[in-house]
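The sequence and structure are shown first, and the description follows.

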Amino acid sequence: MDGAIATDEALKKADWKVGVDIGGTFIDFCALEANSGRVASLKVLTTPEDPGAELMTGLTLLAEREDFDATHMTRFVHGTTVGINTIIQRKGAPLALFTNAGFEDVIELARLRMPDMYSLFCARPDPLISRDMVFGIPARMRADGNESQAPDTAAVKSAVAAAKANGAQGIIVSFLHSWRNAAQETSVKAAIARLAPDLFVFTSAEVWPVIREYERSSTAILNGYVHPRVSGYLTALEERLKHRGVPARPMLTKSNGGLMNAAEGKRACVNMLLSGTASGVIGASWLARQAGEDKVLTLDIGGTSADFALIINGEPQFGTGELIGEFPLHIPSVSVSSIGVGGGSIASVDAQGVLRVGPESAGSTPGPACYGRGGERATVTDAMVVCGWLGHSEMAYGQLSIETQLAHRAVGELAMRLGRPVEQTAQAILDIAVSEMFVEVEKLASRAGVDLRDFTLMPFGGGGPMLGAFLARELGIKRVMAPRRPGVVSALGGLVADLRGDFIRTIFSPLSGASLPGICEAFEALAQEGRDWLAAQEHDAAAQLTLSCDMRYFGQSYEIEVVLSPQWLADGDAAAIEQAFHRTHEQLYDFHDPDGAIELVNVRLSAIGAGPALSFPETEEIDVPTHPARRVPVYTGLTVETIDLHDRQTLAPGSAFHGPAVVVQEDTTFALPAGTQARVDRHLNLVLTFAE
């Protein structure tokens, strides 16, 4: 990702494009000067007490270190954890829910499923809106879209008064069958605006107009719950950027891997809840395509979690139902599996004397003990320091110096409780972290029906390269590829992402030649919504519209998504759509019913506006001798060995060496176990292979 120094003339006409991603411990910057191809990157510790302040700090540091000028910024893309942290910490707005009388228990009943049906101690999370803040309004819309009972205006007035008296800041309106006809929700929203203009209101149909009242209601509730904090944060962000002289209109990364402008983000907050994890996968997909890798397992390890995703044919996978804390999100999202094991995950010994790792994290404040910021409990990062894989250079672009003695003290306390040497205890912490990730990845592979031995592992984030090779070895993956700047891949994802808006309409139609005109009409309506959305994002270039349907055999309870060709609709080819459904069903469930009647439930459309065509310089590989910077002692699992330490900055395309070894760089450290061969490719990726 490093390029040549720009000429004086290019600097005068600098075109900076900046991607920013805020995690639990660091905020990452990836800045590209488009004229020269020069890339600057940076990590800054987050400030949980003042979200956004670290952004200004980072821009100042970029200006000091990289000849960066914020007034020449033509693209600014931002991912943030403000929304998801609000839900996890339960610090959102007090809400009231207006629903149909007799259906007040919709969010408590949910789908009548326990998170862990085999646990005797399993408990469902408390809903974000308590039962006393749910108000039933006499009203009824039939499933065919005809009104059988108009909303009771007196009941609406009484409910608004009660909601305000109980401290509600906002109201969610979710009525039966609003996916078919949203008129009742719209009229009640207008009434609330007249009665209480100080309250914000969201209707379920405007957030995500999908059938199934629980999914529609819960998605709208998540949107309202984070709205005040996200809106306030984005308003402050715009003011800070304006004060800094940034001309670029701020864009936000979305859960679906695309972008939207900040103005929309203030209303459609739910679309950015998984922006950070999605951006990482988008950045990894772009890097994979550049390197010619078509099957990749991504491993993004930050301070609090490890996130996994599959990239197939160079493209990320998508789905719905991703968990936001304890609550499912029913909008299209990049499919990411997460586990609470990160660099800051705290190791502990339970009452039975068993060593455990996570999910509690030290975060950025106080952070791991070795950061010297007040942390006293052992973390995965401290275990890496005790074993010797970390601690040989400054971290996070010189902002952190590792204090080895503090890591030994923290891990030593656990070692005393376990009655084991401190190095063995540290190794046990790492083994547990890797084993927990192993279990999660195996589940992901099983759900997707893939053989991970055919995949390349791409570790990124601050902690990915530290543990990635060890996880690959356990999974039987023979190839690992670490990008030049693994610590800022999520920020890179924002730079290379496209505008992407998702739209849905429930139609309930049998699949037949006679039903195709109605299906085409629904798609055309969605296509117009998509074009209008792109226009609102100030995208005036060509748009890409992708079509799909949620389909099922008659009698099934749930449907599967099937990608459609526009040509099938244009030709009225119901048989082609039918065969596509059979193929998809066969792929997912290993069977299909060629004589089964098919029902089409939802039509979906994604409107995509291509982002800027970016590229990084490439250099041909040349066989050159590779010399380590020095040798360091590392506990490799059985004994302390003296191994090579390489500086990533000095490794040129074609550089090759073998493990065990350590590679240090500004944003992370790459640990290479024994039996590995490493080589730097022409894209400056560090490619690791395991001996047979």
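This is a predicted model: local features need pLDDT of at least 70, side-chain atom pairs count only at pLDDT 80 or more; totals for chains, interfaces and linings use all residues.

## A pocket, a cavity and an open sheet

The second largest pocket is lined by 32 residues, and those that lie nearest its centre are Glu206, Val207, Pro209, Asp502 and Phe503. The volume of the second largest pocket is about 810 Å³. Two or more residues of its lining come from each of helix H7 (204–207), helix H9 (262–267), strand S25 (499–510) and helix H16 (516–536). Strand S25 provides the largest share of the lining of this pocket, namely five residues. When the lining of the second largest pocket is sorted by class, it has 15 nonpolar residues, together with nine polar and eight charged ones.

By class, the residues that line the second largest cavity divide into four nonpolar, four polar and two charged.

The two spaces are set out below.

| Space | Volume | Lining by class | Element giving the most residues |
|---|---|---|---|
| Second largest pocket | about 810 Å³ | 15 nonpolar, nine polar, eight charged residues | S25, five residues |

A separate feature of the model is an open sheet of four strands, which follow the order S29-S30-S32-S33 with mixed pairing. Strand S29 (630–635) and strand S33 (669–672) stand at the edges of this sheet and have a single partner strand each, so one side of each is left without a neighbour in the sheet. From one strand to the next, the twist averages 30°. In general, the strands of a sheet pair through backbone hydrogen bonds, and they do so in either a parallel or an antiparallel manner. Strand S32 (residues 661–664) and S33 run antiparallel and are joined by four bridges. Within this pair, Ala661 has Leu672 in S33 as its bridge partner.

Key:
Residues are numbered from 1 along each chain as its sequence is written. Side-chain values use heavy atoms; hydrogens and water are left out. On a 1 Å grid over the protein atoms alone, a cavity is a set of points where a 1.4 Å probe fits but cannot get out, and a pocket is an open set with protein on both sides within 12 Å along at least five of seven lines; lining residues have an atom within 4 Å of a point. Grid points are joined across faces, edges and corners, and a volume is the space filled by probe spheres set on the points. Ala, Val, Leu, Ile, Met, Phe, Trp, Tyr, Cys and Pro count as nonpolar, Asp, Glu, Lys and Arg as charged, and the others, Gly among them, as polar. Two strands pair if DSSP finds at least two bridges between them. Axes are lines fitted to C-alpha atoms, for helices over the stretch in contact, and angles run from 0 to 180 degrees between N-to-C directions.
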